[in-house]
Amino acid sequence: MSAPSQAESSTSARKRSKWDTFDSDEPSPRRVKIKRPRRSPTSRSPLPSSTNTPAAALRPSSVSLPASPLRHPGAASDPSRSRYVPRRPAYPPITPCRSVYAYERLNHIEEGSYGVVFRARDKETGEIVALKKLKLDQEKGGFPITSLREVMALMTCRHEHVVPIREIVVGDTLTQIFIVMDFIEHDLKTLLTVMPSPFLQSEIKTLLHQLLSAVAHCHANWVLHRDLKTSNLLMNNRGQIKVADFGLARTFGDPLGKMTELVVTLWYRAPEILLGAKTYSTAIDLWSVGCIFGELLLNEPVFQAKGEIEMLSMISKLLGPPTEDSWPGYLDLPLAKTISFPAKTSSLRARFPYVTETGIDLLGRLLMYDPERRITAEEAMQHPYFSESPLPKHPDLFSSFPSIAAGEKRVKVRSPSAPQRVANYQMEFDFGV
Amino acid sequence: MSLPHPLLYPLASAAQLAQTPCRADGIPAWLEEDLRAEGCRLIQSAGILLGAPQVVMATAQVLFQRFWYVTSMREFSVSQIAMGALYLASKLEEHIARMRDIINIFDLLLSRLRYSLAHPTAPPESFKYSPMSYYSNEYYTYKDELVIAEMQLLKRLAFNVQVQLPYNTMVNYLNVLGLGRVEGIAQKAWGFLNDALQTPAYAVYPFPTIACAAIHLAAREASVCLPEPPEHEPWWELFDADLEDMEQVCGWVLRLYRRQDEEERELVQNLLLGGRREVRQWLDEVEPKAST
C-alpha cells in the first residue's frame, strides 16, 4: 500500500488502543448510521424473519463484523454472512424526495453549463451544503439523460475523494430539482491562482494520489468521468480533494459501445478523442489526470490551446510526434492522416525541470499516446513516485485558505515584514511606485 | 469507510409492506397485486415491441413495483406509470428509446386490450389498429403523461433508481450447488426470475433471496433434492437467504399461475384501461358496500 492511504487510515487508527488487533482497514462500527424506522414485531407482519431478529442482527454484517461477536451474541450467525448481503432491514426504505425548503439559501457560488450552484444551510442540522440546481427548462425528451447520468454516477461512485451527494430535493414545480452535496471550500483551479505559493512536491503527491484513488474507484464502478480538470476538483481546508461535476459522466460497458466524441474540456482532452476515435475508455480520464499533474507542477495548464489542431501540435511539441511504434494503429484513426505533427522530439524533461526522474516517468505514462499502454489509475497509485522522498504530505498538515465560494475575503495583514531572501525580486526595484 | 454501501438500494420497509398507499385508499390486496402484475406485463410486452434488451424491461418493472409503495393507484394511473418506468429504464440502461415509439406502442397495446374487452368473443386477428396522426392531440396528451410519469417516478423514489438484478448471481449459485449443468434447471430458474418481476419481490427482498427462491422453485419442479433440514444444513444459508423470505417470494410467483376468476380479470383490465379515474369511480362504488 502506498503512503497517502496509510497516512489517512492512521487518523482513525491512532484513536484505538494499541491492543486492539483489528485491521485498520476494517470499518469501525460507530461511524455508520442506519436510519430506519423500526417497529415492534407484530404477529401479522408480512416479514417474520426480519422483525423477529434481535436488534443487533439488523445491522449490515459488514459493519457489525469487527466488534459484534462478543457484544451481540444474538448475531452469532453473522460472521458467515457475506458483507455484500446485509440483512433486509439494513436497506433504506423507499422514500420520496424532500423539499428544497429544508434548506436555507445563502449565496450563489457559480453558474456552470449544467446549472447554478448555491451555498445553503440545512435548517435541521445547520450544516452548510452546496445545492446544484439542474437545468430542466422545457426539455424535449423528459428528464435530461445527462442530469440523470450525473446523479446516478454520484450515487454509485461514493468515495472519500468524490464529492458526497446527500440527496436530491425538489422545489414547488416539477422543473426544480436540486442535487444536495457537501459544501467544499475551494476548487483547485481558483486555489492555484490565488494561493500565495505553489504546492510543494509532497503536497502534489498527496493530491495526485487522492485523485487517482477517486478515478480508480469510478472506473471500478464502470463510470467514466469524461471531464476531469482542475476546476472540477474541489478541495477542502483539510487537504482533501473531491472530484466533482459528473455532468459529462456515463457508464461504460465491456464491450465498449459508441459514445459521443464531444467530451472533456479541450485542454484536458486525450489525443485519441482529438483524432476522432470511435470508442474510448478509462484511458481518457488518465490523460486528463496527467494534464492535472502537469498543471500542479507548472502552476498553469500544460496545454493552453485555442483549437483542436493547435492542441494536437502542442501535445506533439511536448511529447514528440506519435509513431507507429509508440502508438500502434494511430494512423487508422479518422483524423490522423489530415494532421501533421511539427515537433520531432520530446521536450518533457525541459518543460518540467524540477521533477525527479520517477516523477517524469509517471507523467510520461499518464500522457502516453497509446491509450492501450497508458497507465491505469490502479497502477499509477502504486507508482514509485509516491514512495520516494519527499513522501506525500499528510492531509492534516496542509495549510488552509479563505474560501472564495463561501464569500470569505483574504485578510491582508498590513505590517512590515522581515527582509526575504529570494522570491519577490520585484520588491528590490519597486521603490517609487 | 463511513459512506453507505452503494449496493444498498431501497427496499420497502416492513411498515410500507403492512400498509401500502393503495390499501390505505381501500383497494384490496388481491386487486393491487393483480394490477401491479398487469402493469408489469404491459411493460414487458411494450419492451419486446420496442426491441429493448431484457435488462431495460426488468429495471422498469422493479421501478414500477417500488413506486406503488409510495403512491396509490388512486393518484396515478397504472398504465401511465408503466410507460414512464419503461422510458426511465431505457435511459438508465443506456438504451434510450424515442418517446414517440413508446407512446405508439402503449397506444397499440391499450387499444388492443380495449378491443378484446369490448368484443370478448371476437378472434384476436379481427383487431385493426389505426395509429394516431403525427400531430394529434392524443399524442401530446400521451407525451405530457409520459414526462410527468417519469418525473414522478424520480421524485417519489428520491432518484434512488439503481436496480440490482439477480440473474448473474443466480447462475453463480447454481454452479456452486452443482446444478449448472443439470438439464433444464437453469432455464426454469431463469424463467422464475423473469416471472418474479411481475410480483413485488424485487422491491421487497435483496436479490440473493430472489435468486434462491427461483432455484428453490426450479429444483422442486425438476424433483432435484437440495440439502435441507432436518438431515442437512439448509443450502440457502450459504447464500444468506431466509426460508420465510424465500417462501414469500415463491408464494407471489406461484400466485401468478393460478386460474384467474373471469370477473376479477375483467375488473383488473378495466381499471388498467380507465386509469386513476376508473379506480376512483370503482372505489366510490365499493366503499359504501364495504362500510356496511
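## Domains and a helix pair in chains A and B

Over residues 41–155 of chain B, the chain is 68% helix and 0% strand, with the end C-alpha atoms 24 Å apart; helices here are DSSP runs (H or I, at least four residues) and strands are DSSP runs (E, at least two), numbered from the N terminus. This is a predicted model, where local features need pLDDT of at least 70, side-chain atom pairs count only at pLDDT 80 or more, and totals for chains, interfaces and linings use all residues. Residues are numbered from 1 along each chain as its sequence is written, while chains are lettered from A and ligands numbered from 1 in the order in which they are written.

**Chain B: the annotated stretches**
- UniProt, in an unreviewed entry, places "domain: Cyclin-like" at residues 41–155 and 168–258 of chain B; such annotations may be inferred rather than shown by experiment.
- Residues 168–258 of chain B are 59% helix and 0% strand, and their end C-alpha atoms lie 28 Å apart.

**Chain B: a helix pair**
- Helix 3 (residues 29–50) of chain B packs with helix 5 (residues 78–92) of chain B at an angle of about 45°, their axes 9 Å apart; axes are lines fitted to C-alpha atoms over the stretch in contact, and angles run from 0 to 180 degrees between N-to-C directions.

**Chain A: two domains**
- The domain assignment, automatic or from a database, gives domain 1 (98–182) and domain 2 (186–396) of chain A.
- Their C-alpha centres lie 28 Å apart.
- Domain 1 of chain A gives 13 residues to the contact and domain 2 of chain A gives 19 residues (contact: C-beta atoms, placed from the backbone, within 7 Å).
- Helix 5 (residues 145–156) of chain A gives the most to the domain 1 side, with six residues.

Note on methods: Two residues are in contact if their C-beta atoms, placed from the backbone, lie within 7 Å.
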